[in-house]
Amino acid sequence: MKNSIMTFREKKEKGEKIAMLTCYDYSTARLMDAAGIDGVLIGDSLGNTMLGYPDTLSVTMEDMIRYSTGVARGCENALVVMDMPFMSYQLSVEQGLMNAGRLMKEARGQAVKLEGGARVCPQIRAMTDAGIPVMAHLGLTPQSVNAFGGHRVQGKTDDAARQLMEDAHKIEDAGAFAVVLECVPAPLAARISQQLKIPTIGIGAGNGCDGQILVYQDMLGMFNDFTPKFVKHFSNIGEEMSRAFRDYISEVRSGAFPDEEHSFKMKNEDILSRLY
Ligand code: KIV
Ligand code: NA
């Protein structure tokens, strides 16, 4: 059965952990969905993993629609959440609502995600009122990388911890159905998870969150530009891909591939000697 935001809420109430991964294409979505993933996020991290940008700032609405469309088509059960790219909701409530609506209409996921606390609550409220579920994102919010001056753990000091808890309550009150906590000290993320009714989805936020998310190329060991401390390699697919690429290249060069098994026959080869 197709997961909804209700499924997420129920899982938190039952104390069942929520497993999410990022996803950017149809084939991978099919595999994750069949494996039983609870939800997938078309993250604007596709700027890094799919497009090779140094950060997420250049990702456009068109990028998000394109990639989200493929993922949404590949998910029978998983809840599909689509990131709102940088500058697609910061300008105004109207701009945010229009772009969230575009993602829902054109890409056909079930929810959108945006970054920020108090300052985006009017957007969260307007989207939620329009029937668009919103996942919030607090802690390290990569669209503000230039304001943070790098990728740093957030909420370490008393003031920052207080601020984070306050923002978490505000986005819940504004109607968010869940919240990503990124690079937040584990004890603080656990405390926020206890205090909120909506599920928290952690990435670099310890084991006390209601769910977890990782970038799939990171957890498969396919993306080695850099590896944050919170990334666990559940496989080394990158090595396996490299081996397959090397084998293919050498078989093409040696003529071992394609062999008869992977080639087509014709009805009558006699014709060949009469073809010029
Ligand atoms: O873009 C992304 O992949 C994200 C997750 C890391 C939460 O926002
Ligand atoms: Na993101």
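In which helix is Met104 found? Select this residue in the viewer to begin: Met104 belongs to helix α5. Please bear in mind throughout that the model is predicted.

**First stop: Met104**

With Met104 highlighted, consider its surroundings. The residue is buried, and its relative accessible area is 18%. Display the side chains around Met104 and, leaving out residues up to four places away in sequence, look for its contacts: Met82, Gly109, Gln110, Ala111, Val112, Ile132 and Pro133. Ser68 and Met104 are 36 residues apart along the chain, and their C-alpha atoms are separated by 9.7 Å.

**Second stop: Gly109**

Gly109, one of the residues that Met104 touches, is the next selection. Gly109 is placed in the loop between α5 (93-107) and β4 (111-113). Is Gly109 buried or exposed? With a relative accessibility of 8%, Gly109 counts as buried. Apart from neighbours within four places in sequence, the contacts of Gly109 are Ala72, Val80, Met82, Leu103 and Met104. For another distance, select Ser144 as well: 35 residues along the chain lie between the positions of Gly109 and Ser144, and 25 Å separates their C-alpha atoms.

Arg66 counts as exposed, since its relative accessibility is 71%. Select Arg119 together with Arg66 and compare their positions. The two are 53 residues apart in sequence, and from C-alpha to C-alpha they are 28 Å apart.

Select ligand 2, which is a sodium ion. Which residues are its protein donors? They are Asp44 and Asp83, each contributing an OD atom, and they lie 2.3 Å from the ion. Asp44 sits in the loop between β2 (39-42) and α3 (46-49), whereas Asp83 is in strand β3 (residues 79-83); the pair therefore ties together parts that are 39 residues apart in sequence. Colour both donors to see where they sit. Asp44 is buried, having a relative accessible area of 4%, and Asp83 also counts as buried, at 3% relative accessibility.

**Fifth stop: the cysteines**

A disulfide is a covalent bond between the sulfur atoms of two cysteines. How many disulfides does a search of the whole structure find? The search finds 0. Select Cys23, which is in no disulfide: the nearest cysteine sulfur belongs to Cys75 and is 6.1 Å away. For a disulfide, the two sulfur atoms would have to be within 2.5 Å. Cys23 is buried, with 0% relative accessible area. Then select Cys209. Its closest cysteine sulfur is in Cys183, but the two sulfur atoms are 11 Å apart, which is too far for a bond. Cys209 likewise counts as buried, at 1% relative accessibility.

**Last stop: the whole protein**

The protein contains 11 helices and 8 strands. Its C-alpha trace spans about 85 × 40 × 35 Å along the principal axes. Of its 276 residues, 48% count as buried. Among contacts with a separation of 6 or more, 59% are between residues 24 or more positions apart.

Switch to a surface display to finish. The protein exposes about 14700 Å², and carbon and sulfur atoms supply 54% of this area. Colouring by charge shows 29 positive and 35 negative charges, whose mean positions are 3 Å apart.

Notes. Residues numbered from 1 in each chain as written. Chains lettered and ligands numbered in written order. Predicted model: local features only at pLDDT ≥ 70, side-chain atom pairs only at ≥ 80, totals over all residues. Heavy atoms only, no water. Buried < 20%, exposed > 50% of the residue type's maximum accessible area, 1.4 Å probe, protein only. Donors = N, O, S within 2.8 Å, 3.2 Å for Na, K, Ca; no water. Helix = DSSP H or I, 4+ residues; strand = E, 2+ residues; numbered from the N terminus. Contact = heavy atoms within 4.5 Å. Areas by Shrake-Rupley, 256 points an atom, 1.4 Å probe, with all protein chains shown as cover. Lys, Arg positive; Asp, Glu negative; His and termini not counted. Charge placed at Lys NZ, Arg CZ, Asp CG, Glu CD.
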